[in-house]
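Colleague: I would like to learn how to read side-chain features from a model, taking one kind of feature at a time. Could we go through an example together?

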Amino acid sequence: MRAPVRGLSPSDGEEGSDSTPLLQGAPRTEAGEQRGGPGASAGLRSRSGVCCSARYNLAVLAFFGFFVLYALRVNLSVALVDMVDSNTTLADNRTSKECAEHSASTKVLHNQMGKRYQWDAETQGWILGSFFYGYIITQIPGGYIASKVGGKLLLGFGILGTAVLTLFTPIAADFGVGALIVLRALEGLGEGVTFPAMHAMWSSWAPPLERSKLLSISYAGAQLGTVISLPLSGIICFYMNWTYVFYLFGIVGIIWFVLWIWLVSDSPETHKSISHCEKEYILSSLKNQLSSQKSVPWIPILKSLPLWAIVVAHFSYNWIFYTLLTLLPTYMKEILRFNVQENGILSAVPYFGCWLCMILSGQAADHLRAKWNFSTICVRRIFSLIGMIGPAVFLVAAGFIGCDYSLAVAFLTISTTLGGFCSSGFSINHLDIAPSYAGILLGITNTFATIPGMVGPVIAKSLTPENTIREWQTVFCIAAAINVFGAFFFTLFAKGEVQNWALSDHHGHRN
């Protein structure tokens, strides 16, 4: 057993036993050390392999699943530009005259065969926002159902339902704005179960010292889905028409569902082709972490301060995430007077940076834990601080650069990229404190974290009645302050070990 390295964790005094993500007070277990000591653990880990292993195959399939998921989510924001009659939006022009025009005013001719609708800016806002009203409803139920029946079918059918509904988007638009709003809300219901279901699956599949790598790979698909779907949707609208955006991504989602059902299992025990060594490695690494009790300890969960630390961090991070996602392009269009939609590749660059950061930070986080003996809570705190304070600083900077468009794009890219560190911070801390209930915990935190997507743009609009740079500085500063508060709250109250209430004997006499 390796001796812990002193001075690495800021929490050595309170959580000295948290050198690994295993439960407090338990014998040191690094991916299965209870049986046979360190040599046995290292042997199991090396024989279980990485290439073509069942757990990494799951991560890759999940990666493509979340790729499809986010492509289905963001394609409407691009297609909507071609769906709306441009004459309808002239009366809603709020472009400021503080900065000189950056983009060319000449219009590029392209295919306009798709049907156009008379939807004003307020109606478009309702269409885009309706997704979140469905999304927020199924977070906690999704986590609960996944903990009872497994996440495979729930995640699969969640994405399949969204893909099938996406195919009906052109028909719903023809029926009217009400039908389209209902359709988008139903898509939100389907997508709402996906993240809790995935967390529930990883509670059975991810060895503690590989959590950051495996989860960052799977969830990074969301960022790459944004990177690819934004410019691809624009190209489809340019050369074909907007209806094909929904047909393409809907069909891709159905194909992914077939592969998911065919190749994936809920747990290592039920997987058909997993090697014996890999199964033993995963099961032994999780031996002292999972609970066998049938009922969910709702009261201890809701009273858990480490859970509320994740809630605050998740809410705060999403406030700045949705500010960057929805408001900064508006700021560049109406204040800096450059429409970022004119260049789909440029609008996707920040999300490519975030995708790359998620992959690399996952590798770095697990390396710090496995090789350098950093405690779990130390790694979660460091990565959360970088991933929350960094974006806050550059968002504020974006508001104070005046009319420098190039610098605005640079700050947006840096801000979004640094946010990728959170994927190995608070984003997976649910699995550290309660692996058996990780899906439920993510459902709880993501419910609160969906609120910024619903109210953030509304608050920003109310704060910018004159649409001046000074008003937008206020919007950015508020978002940054919320993010910094969340970072420090998580740092103070987060934990890195399995909580007593998450174990089968949490009513017993365990210290």
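**Cysteines and rings**

Modeller: Let us begin with the cysteines: a search of the whole structure, which is a predicted model, finds zero disulfides.

Colleague: What is a disulfide, in general terms?

Modeller: A disulfide is a covalent bond between the sulfur atoms of two cysteines. In this structure, cysteine 357 is in no disulfide, and the nearest cysteine sulfur, which belongs to cysteine 354, is 6.6 Å away. The cut-off to keep in mind is that the two sulfur atoms must lie within 2.5 Å.

Colleague: How many aromatic pairs does a search of the whole structure find?

Modeller: The search finds 28 aromatic pairs. To read one of them, we look at the distance between the ring centres and at the angle between the ring planes, where an angle under 30 degrees counts as stacked, one over 60 as edge-to-face and the rest as tilted. For phenylalanine 195 and tyrosine 219, the centres are 5.3 Å apart and the planes stand at 35°, so this pair is tilted. The pair links distant parts of the chain, since phenylalanine 195 is in helix α8 and tyrosine 219 is in helix α9, 24 residues apart. Phenylalanine 195 is buried, with a relative accessible area of 13%, and tyrosine 219 counts as buried at 10%.

Colleague: How are the rings of phenylalanine 426 and phenylalanine 490 arranged?

Modeller: Their centres are 6.4 Å apart and their planes are at 70°, so the pair is edge-to-face. Phenylalanine 426 lies in the loop between α16 and α17, whereas phenylalanine 490 lies in helix α19, so the pair ties together parts that are 64 residues apart in sequence. Both residues are buried, and ring pairs link them into a cluster whose members include Phe131, Tyr135 and Tyr317.

Colleague: Which rings does arginine 73 lie over?

Modeller: The charged end of arginine 73 sits over the ring of tyrosine 70, 4.4 Å from its centre. Arginine 73 also lies over the face of tyrosine 135, at 4.8 Å from that ring centre.

Key. Residues numbered from 1 in each chain as written. Predicted model: local features only at pLDDT ≥ 70, side-chain atom pairs only at ≥ 80, totals over all residues. Heavy atoms only, no water. Phe/Tyr/Trp six-rings, centres within 6.5 Å; stacked < 30°, edge-to-face > 60°. Helix = DSSP H or I, 4+ residues; strand = E, 2+ residues; numbered from the N terminus. Buried < 20%, exposed > 50% of the residue type's maximum accessible area, 1.4 Å probe, protein only. Lys NZ or Arg CZ within 6 Å of the ring centre and 35° of its normal.
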